[in-house]
Amino acid sequence: MKKYIEFCDTEIDGYVSAVDALNKFIAENESSKVSVVGYRVVRYEQLNRERTYILAEEETDEAE
């Protein structure tokens with residue numbers, strides 16, 4: 001079964017980058033196949049900040 005998951009930079013409970021969140025997800029789900037489908041870095045001019053978004057696809061066995 002396939003499902004899509006979005007990761008983005010967050011500042012909840014301290015700063016966590018999208019890449020760190022993706023790496024943590026992969027480490028916690030070693031039996032799944034995780035592929036990055038796309039990513040985007042968005043710059044917010046008013047805040048002078050950038051935010052990264054990553055779209056990943058998780059594929060698991062139907063038996064799970």
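This is a predicted model: local features need pLDDT of at least 70, side-chain atom pairs count only at pLDDT 80 or more; totals for chains, interfaces and linings use all residues.
Student: Which residue forms a salt bridge with E11?

Tutor: The partner of E11 is R49, and their closest N and O atoms are 2.4 Å apart. E11 lies in the loop between β1 and α1, whereas R49 is in strand β3, so this pair ties together parts that are 38 residues apart in sequence. R49 itself is partly exposed, at 40% relative accessible area.

Student: And which residue forms a salt bridge with E58?

Tutor: That residue is K3, with the closest N and O atoms 3.7 Å apart. The pair links distant parts of the chain: K3 is in strand β1 and E58 in strand β3, 55 residues apart. K3 and E58 are also bridge partners in the strand pairing.

Student: How accessible are E58 and K3?

Tutor: E58 counts as buried, at 6% relative accessibility. K3 is partly exposed, at 45%.

Student: New topic. In what order do the strands form the sheet?

Tutor: The order is β1-β3-β2, in an open sheet of three strands with antiparallel pairing. β1 and β2 (33-44) are the edge strands, each pairing on one side only. From one strand to the next, the twist averages 15 degrees.

Student: How many bridges join β1 to β3?

Tutor: Seven bridges join these two strands. One example to find in the structure is K2, which stands opposite E59 in β3.

Student: Over how many bridges do β2 and β3 pair?

Tutor: They pair over eleven bridges, again in the antiparallel sense. On β3, E57 stands opposite S35, and R51 is the bridge partner of V42.

Student: What about the hairpin of β2 and β3: how many residues are between the strands?

Tutor: There are four residues between the strands, and N48 takes a positive phi near 55 degrees in this hairpin. Q46 is in the loop between β2 and β3 as well. Q46 counts as exposed, since its relative accessibility is 70%.

Student: How far apart are Q46 and G14?

Tutor: They are 32 residues apart in sequence and 22 Å apart in space, taken from C-alpha to C-alpha.

Student: Let us turn to the helix. Which residues of α1 are buried?

Tutor: The buried residues are A18, L22 and F25. Seen down the axis of α1, they fall within an arc of 60 degrees, so they line one face of the helix. On the other side of α1, K24 and E28 are exposed.

Student: Why would residues three or four places apart point the same way?

Tutor: An α-helix has 3.6 residues a turn, so residues at that spacing point the same way.

Student: What covers the buried residues of α1?

Tutor: The cover includes β1, β2 and β3.

Student: Which residues make up the largest nonpolar core?

Tutor: There are seven: I5, F7, A18, L22, F25, I54 and A56. β1 (2-8), α1 (18-28) and β3 (49-59) each supply at least two residues of this core. The largest share, three residues, comes from α1.

Student: What does F7 touch?

Tutor: Not counting residues up to four places away in sequence, F7 touches A18, A21, L22, F25, T52, Y53, I54 and A56.

Terms used. Residues are numbered from 1 along each chain as its sequence is written. Side-chain values use heavy atoms; hydrogens and water are left out. A nonpolar core is a set of buried Ala, Val, Leu, Ile, Met, Phe, Trp, Tyr and Cys residues joined through side-chain atoms within 4.5 Å. Buried means under 20% relative accessible area, exposed over 50%, partly exposed in between (1.4 Å probe, protein chains only). Contact means heavy atoms within 4.5 Å. Two strands pair if DSSP finds at least two bridges between them. Axes are lines fitted to C-alpha atoms, for helices over the stretch in contact, and angles run from 0 to 180 degrees between N-to-C directions. The arc is that of the directions from the helix axis to the C-beta atoms. A salt bridge is a side-chain nitrogen of Lys or Arg within 4 Å of a carboxyl oxygen of Asp or Glu.
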